[in-house]
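Hello,

Here is the structure I promised to pass on. Please look it over first; my notes follow below.

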Amino acid sequence: MNNTGDIVSSFGIENHGLANVRTAFWNLPTAVLLENAVIRREGKLTSGGGFLTLTGQHTGRSPNDRFIVEEPGSKEDIWWGDINRPISEAAFDRLLGKMISHLQDRDVFVQDCYCGANKNHQLPIRIVTETAWHNLFARNMFIQPKYDELSDFIPKFTVLQAPSLEGDAKTDQLNSGTFVVLNFARGLMLIGGSAYAGEIKKSIFSVMNYLLPPKDVLPMHCSANFGQNNDTAIFFGLSGTGKTTLSADSGRTLIGDDEHGWGKDGIFNFEGGCYAKTINLTYETEPEIFNLCYDFGSLVENVWLDEKTRDFDFSNSTLTENGRVSYDLSRVPNASSTGTGGHPENIVMLTCDAFGVLPPISQLTPDQAMYHFLSGYTAKVAGTERGLKEPTATFSTCFGAPFMPRHPTTYANLLGKKMAQHNVKCWLVNTGWSGGGYGEGSRIKISYTRQMLNAALSGKLDESGFQPDPIFGVQVPKNCPDVPSEILNPRNTWSNTSAYDDQAHELTRRFEINFQQFEQQVDENIRKAAIQGIA
């Protein structure tokens, strides 16, 4: 085996069983990884120096192919079910053997990185991939160690990823040839059969979601930024609800766009990069993200490219609606240099309401905040998961159930505790439809959403006064600067108000059914908030 690259760790990949690879390329810088990706025909250079790659049949995560190894050390802590599916230690060992055998006599790329900007909670990780571009993705998305830290770098968690390796559904206890298998006891994640890069970042996110709660740190599927007065805001939401877009505000400093922890010192980013959706991206609406798609070192996945000009067509969804771009956070003009912020003053819960009945913005009481956090209502947006063709109403507890190994109340109780300690305001923001549901109404203009958020974070909405929504019980502002007052009450936007009432009550029924799973595990005040909020 040849080792080549920038700095090779003394803790070699033979510690992961990889003793017979052809060449291990260690910690290559961006330019060299790009060069390798081009030489190996893994994608195409675009105008401006960005790199386009296609991920084949998997253009989103494959949640049905995700498993956690059932082993004594973590078994009692895992929230087992449809999300966290168990797999035996024996099956894991078979898959690991296949991975090791598959990578023999092949080149591999190794990146040693950190997850977590807070030094007290930083996780050393290693990402081993069979393609250069996936290694560049890891370099974009995670935090780079200092140069003199690499030679003695020892990972606490390692990802072995090989898209060209498929398992056997029957003999390997899988649902298909694709597998994403997490082993907490061994500190290993195996990813095979899928080239979708998001599986790498979400695997490490799942690890942090398991490790941090016992340390009194809340892991969150959220973006975060702070204003000129160092007022931190966090934005919960599933993919496609606006976390990246709304936190990338030129008037505020970006901490991160997707994954954060909340500890005794405040907020800290898990990542060192951003992974933004690109569907219908324009310079006029999101100039920073648009420009970064063409930036040197940026990776664009599954977006239509003009072969002559090498320019993107972001409105073309032929490949998928889940086109993505990953880039180093340092390339964002207004990004935080530390990846940290103070305790939040405002929490924003983003929901993409496919029914078109929730207000575009409303304020929640602390108990309502807990209720909506546990409910995690939104619509899964087309393309973010395999086979998803249109928005589908769903409840994803904690706005990130697919990545939460522990029971949801573990995270909810931590959130409630920290909100009370720091007197945090909470807002529910609908980035979905108005004037009708999906297929009838229209998506709420992002310019209006930005105006409403700016008013909420600056305190101007408090000046307008609020009135309770008669169906959902949340507090709706009476007016907002530069936003038509009629859209603040969603019922006013429907031509048929009876149809609105029917849809709103149908949604409350779904809330009730979904929340039954938590009724015996939350205190009376939250149960009362739930009843009052959807009566």
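A cavity here is a set of grid points where a 1.4 Å probe fits but cannot get out. Bear in mind that this is a predicted model.

Cavities first. There are four of 30 Å³ or more. The largest cavity holds about 110 Å³ of space. Its lining has 13 residues, and R66, V180, E199, S203 and S206 are the closest to its centre. By class, six lining residues of the largest cavity are nonpolar, three are polar and four are charged. Helix α4 gives the most, with four.

Now the salt bridges. The count is 23.

- D107 and R40 form a salt bridge, with their closest N and O atoms 2.9 Å apart. The two are 67 residues apart: D107 is in the loop between α2 (89-103) and β7 (108-115), and R40 is in the loop between α1 (30-39) and β3 (44-45). D107 has a relative accessible area of 11%, so it counts as buried. R40, at 31%, is partly exposed.
- K417 and D216 meet at 3.0 Å, N to O. This pair also links distant parts of the chain, 201 residues apart: K417 is in helix α8 (residues 408-422), and D216 is in the loop between α4 and β12 (218-226). K417 is partly exposed at 38% relative accessible area, and D216 is partly exposed at 33%.
- E70 and K75 form a salt bridge, with their closest N and O atoms 3.6 Å apart. E70 is partly exposed at 33%, and K75 is partly exposed at 38%.

There is also a network: salt bridges that share partners join K201, K202, K243, D258, E259 and E271.

On the surface, L54, W304 and L319 form a nonpolar patch with about 280 Å² of accessible area together. L54 sits in the loop between β4 (51-53) and β5 (66-69). Exposed means over 50% relative accessible area, so L54 counts as exposed at 51%.

What about V357, buried or exposed? At 0% relative accessibility, V357 is buried. It lies in the loop between β23 (344-351) and β24 (361-364). The C-alpha atoms of V357 and D501 are 8.4 Å apart, although 144 residues separate the two along the chain.

Best wishes

Technical notes:
Residues are numbered from 1 along each chain as its sequence is written. This is a predicted model: local features need pLDDT of at least 70, side-chain atom pairs count only at pLDDT 80 or more; totals for chains, interfaces and linings use all residues. Side-chain values use heavy atoms; hydrogens and water are left out. Patches are made of residues with over 30% relative accessible area and no salt bridge: like charges are joined within 9 Å, nonpolar side chains (Val, Leu, Ile, Met, Phe, Trp, Tyr) within 5 Å. Accessible areas come from the Shrake-Rupley method with a 1.4 Å probe; for residues, only the protein chains shown count as cover. A salt bridge is a side-chain nitrogen of Lys or Arg within 4 Å of a carboxyl oxygen of Asp or Glu. Buried means under 20% relative accessible area, exposed over 50%, partly exposed in between (1.4 Å probe, protein chains only). On a 1 Å grid over the protein atoms alone, a cavity is a set of points where a 1.4 Å probe fits but cannot get out, and a pocket is an open set with protein on both sides within 12 Å along at least five of seven lines; lining residues have an atom within 4 Å of a point. Grid points are joined across faces, edges and corners, and a volume is the space filled by probe spheres set on the points. Ala, Val, Leu, Ile, Met, Phe, Trp, Tyr, Cys and Pro count as nonpolar, Asp, Glu, Lys and Arg as charged, and the others, Gly among them, as polar.
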